[in-house]
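Reader: Could you walk me through the side-chain contacts in this one? I'd like to go pair by pair.

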Amino acid sequence: MSGENENTMDNTSPQESPDGAEPTGLDSVEKVPVVSEPVAVTRKRPESKSNSVSMEEEEEKAPEKKDPEPSEPKSPSGWGSWGNWGKSLISTASATVATVGHGISTAIEKAESTLGVPSPVELSFRSNVEPTEDANASDSPAVPGGESSSPMAGALGFLSSISTAVQSTGKTVLTGGLDALEFIGKKTMDVIAEGDPGFKKTKGLMNRNSTLSQVLREAKEREEQRVGSAAETQTHGKAHYGLLFDEHQGLAHLEALELLSKESEAKVKSILSAQPGEKVVELKTELEPLKETFSLEEFDDDDEVEKGDEDFSQEIASLFASLQITVRPDKLTRARKAAYIWMTEVEAKGMEENAEEPETETSGKKKKATVEEIHDLAIHSLAELTACSMELFHKSATLILHGETQVPAVSRGKALSQMTITLCKELSLLSKKVTTLLTTTGALEKSDVLNPLITGVFLEASNSASYIQDAFQLLLPVLEISHIQSQT
Amino acid sequence: MEAIWLYQFRLIVIGDSTVGKSCLIRRFTEGRFAQVSDPTVGVDFFSRLVEIEPGKRIKLQIWDTAGQERFRSITRAYYRNSVGGLLLFDITNRRSFQNVHEWLEEAKAHVQPYQIVFVLVGHKCDLDTQRQVTRHEADKLATAYGMRYIETSARDAINVEKAFTDLTRDIYELVRKGEINIQEGWEGVKSGFVPNVVHSSEEVIKSDRRCLC
């Protein structure tokens with residue numbers, strides 16, 4: 001299959017739904033399905049079942065073990081329950097919930113591997129078809145009855161423990177279904193723009209018992225445990241976003257940024273409480289335009305064209321110039337360059353293979369990058385770019401608070417907001433490019449091999465965009481205190 | 001597998017501006033010496049695994065702080081979550097040695113209720129001809145505060161490994177003896193995952209696998 005398959009999520013047609021519970025209403029979906037291999041029914045992968053399930057999840061699932069064949073893939077109610085499950089998971093997800101998405105992605109993957117659920121593509125259709133039920137379904141996370149609710153309960157227990165740890169704004173980044181993740185940036189921006197004029201969200205984040213970096217750190221630790229146990233039993237060396245993000249010091253920079261943000265917020269509060277009434281009103285009106293710069297406006301990434309290295313570097317550099325801080329975004333631009341270098345290489349190799357001898361698989365597989373390799377490279381690049389973005393925001397905060405230049409807080413807010421959009425667009429472009437690569441490279445792969453990889457890339461790209469937006473929101477109190485201090 | 005380590009220790013590196021904190025850390029984590037480097041902005045992060053005994057690895061998360069006065073308030077916030085610290089001075093800069101006391105006082109004031117195991121590091125020992133602080137007086141000061149003293153050079157890679165591993169071993173001993181404990185909400189010491197040590201989970205996994213076969 002060559003590049004004509006632009007919409008990578010469409011590579012499986014819903015009509016080929018394997019589980020006998022074909023959703024008939026799907027014909028009304030406007031998308032033209034591209035015919036490809038049938039989706040394999042069973043997603044049981046014993047090796048990942050024994051290794052990737054951590055101890056606590058084992059415990060959660062233990063009571064359900066007596067249930068007969070919970071992973072029976074042909075059960076029609078399994079399909080229905082999955083639909084509900086998917087929706088309730090997805091509807092309670094907010095941009096922030098999505099930040100623990102590798103938890104979610106793990107859960108989805110696990111659910112896929114243990115339940116024999118429909119492919120992500122079908123899931124996305126499913127949730128598109130019944131948007132009206134969303135409001136009701138999302139209120140009750142519990143799956144209504146049915147013998148196959150037990151494995152759901154296990155998965156839900158895991159998920160709800162995640163979602164209680166994070167703020168839920170009620171709006172969803174994933175409502176549109178997984179196919180909509182293609183417009184990650186846009187969708188995620190919707191969330192912020194709709195539900196949140198910036199400030200509330202940040203406050204919510206702060207007031208919670210656990211901060212974003214804590215949630216991420218815990219998730220990473222769980223991942224480490226899994227990797228540890230996987231290493232022992234010598235399984236696949238799959239890329240782990242959380243570990244890679246930490247390896248590039250993304251967590252540390254995020255934690256440091258949170259610290260600065262909290263301190264600034266406390267200072268703002270104490271200054272405001274020490275002022276006489278009319279002065280407070282005055283200050284608050286002054287801070288209003290600043291807050292507005294933090295309500296990221298919806299942007300359209302349809303017209304986005306791929307930028308060259310130079311363009312991207314220049315755009316970031318000029319944004320930094322308007323911040324007037326002495327930080328150079330070299331690491332970020334290097335990481336982006338590296339990502340494009342490997343993608344070009346993979347692309348070129350794929351071309352060669354196709355041109356030479358597309359028939360002989362054995363000789364071809366040696367040189368050509370496998371879909372797993374592409375997936376791993378993509379996850380690595382996403383983690384690295386996001387970590388670099390965390391570093392940039394952390395350094396920006398540091399220099400806004402302790403730098404030597406005075407720039408109006410609103411102009412800095414605008415530059416940082418633009419930077420957030422640029423970074424998110426970049427991640428969205430990267431994930432699109434990678435999934436195109438995955439589809440062309442994996443044309444011969446079974447969709448149960450390919451789809452989880454594609455879903456993985458989209459989810460981590462979405463998570464990355466959420467981390468960046470959350471980090472951006474942490475800068476608001478920093479700019480507020482900087483503004484207040486510049487007035488006095 | 002890289003990810004396997006027994007504990008993670010968070011270390012903080014402090015000392016006057018330009019004593020060579022970042023260069024020492026880069027030599028340790030990246031194995032090279034940067035001739036020119038920009039002053040650290042706020043704080044930077046590095047990490048590396050250290051093998052203290054065969055098969056026993058500790059992950060070090062190193063917080064490289066800015067020496068510049070204007071970032072001091074930021075640095076203060078980081079003492080609390082560190083279990084160990086390298087306090088650097090430049091042996092060719094007497095002033096940086098005199099400030100050691102001040103750095104320790106500051107650390108003590110902000111680490112409560114926890115404690116930090118410090119090592120005193122006389123850096124740039126390759127520049128012996130320009131030495132302004134004798135080994136003897138540095139030793140004496142370190143002893144007075146109950147610290148180790150070690151002289152290092154990032155440029156010539158002298159004692160860099162030793163400075164970090166000795167400190168790591170000291171902390172490990174304290175953890176082993178139960179004098180330092182892993183605590184909820186404290187980032188100083190975190191436990192890692194080691195299959196050889198965590199017998200219970202190893203057994204769980206193994207028995208599981210047998211069932212499947």
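What follows is a chat about rings, charges and cysteines.

Author: Ground rules first: this is a predicted model, where local features need pLDDT of at least 70, side-chain atom pairs count only at pLDDT 80 or more, and totals for chains, interfaces and linings use all residues. Residues are numbered from 1 along each chain as its sequence is written, chains are lettered from A and ligands numbered from 1 in the order in which they are written, and side-chain values use heavy atoms, with hydrogens and water left out.

Reader: Let's start with rings: how many aromatic pairs are there over all chains?

Author: Rings of Phe, Tyr and Trp (its six-membered ring) pair if their centres lie within 6.5 Å; planes under 30 degrees apart count as stacked, over 60 as edge-to-face and the rest as tilted. Searching the whole structure that way, the number of aromatic pairs is 12.

Reader: What class does the pair of A:Tyr241 and A:Tyr467 fall into?

Author: A:Tyr241 sits in helix 11 (residues 241-247) of chain A and A:Tyr467 in helix 19 (residues 447-473) of chain A, 226 residues apart; helices here are DSSP runs of H or I with at least four residues, strands are E runs of at least two, and both are numbered from the N terminus. The ring centres are 5.9 Å apart and the planes are at 50 degrees, so the pair is tilted.

Reader: Which residues make up the cluster with A:Tyr241?

Author: Both A:Tyr241 and A:Tyr467 are buried, meaning under 20% relative accessible area, with exposed over 50% and partly exposed in between (1.4 Å probe, protein chains only). Ring pairs link up a cluster of A:Tyr241, A:Phe245 and A:Tyr467.

Reader: And what is the angle between the planes of B:Phe45 and B:Trp63?

Author: B:Phe45 belongs to strand 2 (residues 43-53) of chain B and B:Trp63 to strand 3 (residues 56-65) of chain B. Both B:Phe45 and B:Trp63 are buried. Their pair is edge-to-face, 4.5 Å centre to centre, with the planes at 90 degrees.

Reader: Which ring does B:Arg48 lie over?

Author: The rule for a charge over a ring is NZ of Lys or CZ of Arg within 6 Å of the ring centre and within 35 degrees of the ring normal. In chain A, the charged end of A:Arg336 sits over A:Tyr340, 4.3 Å from the ring centre. For B:Arg48, the distance to the ring centre is 4.1 Å, and the ring is that of B:Phe28.

Reader: On to salt bridges: which residue does B:Asp38 bridge to?

Author: A salt bridge is a side-chain nitrogen of Lys or Arg within 4 Å of a carboxyl oxygen of Asp or Glu, and the count over all chains is 29. B:Asp38 has its closest N and O atoms 2.7 Å apart in a bridge with A:Arg328. B:Asp38 is in a loop of chain B and its partner in a loop of chain A, so the pair joins two chains.

Reader: Is B:Asp166 buried or exposed?

Author: B:Asp166 forms a salt bridge with B:Arg148, closest N and O atoms 3.6 Å apart. B:Asp166 lies in helix 6 (residues 160-176) and B:Arg148 in strand 6 (residues 148-151), so the pair ties together parts 18 residues apart in sequence. B:Arg148 is partly exposed at 37%, while B:Asp166, at 12%, is buried.

Reader: Finally, how many disulfides does the structure hold?

Author: A disulfide is a pair of cysteine sulfur atoms within 2.5 Å. Over all chains, the number of disulfides is 0.
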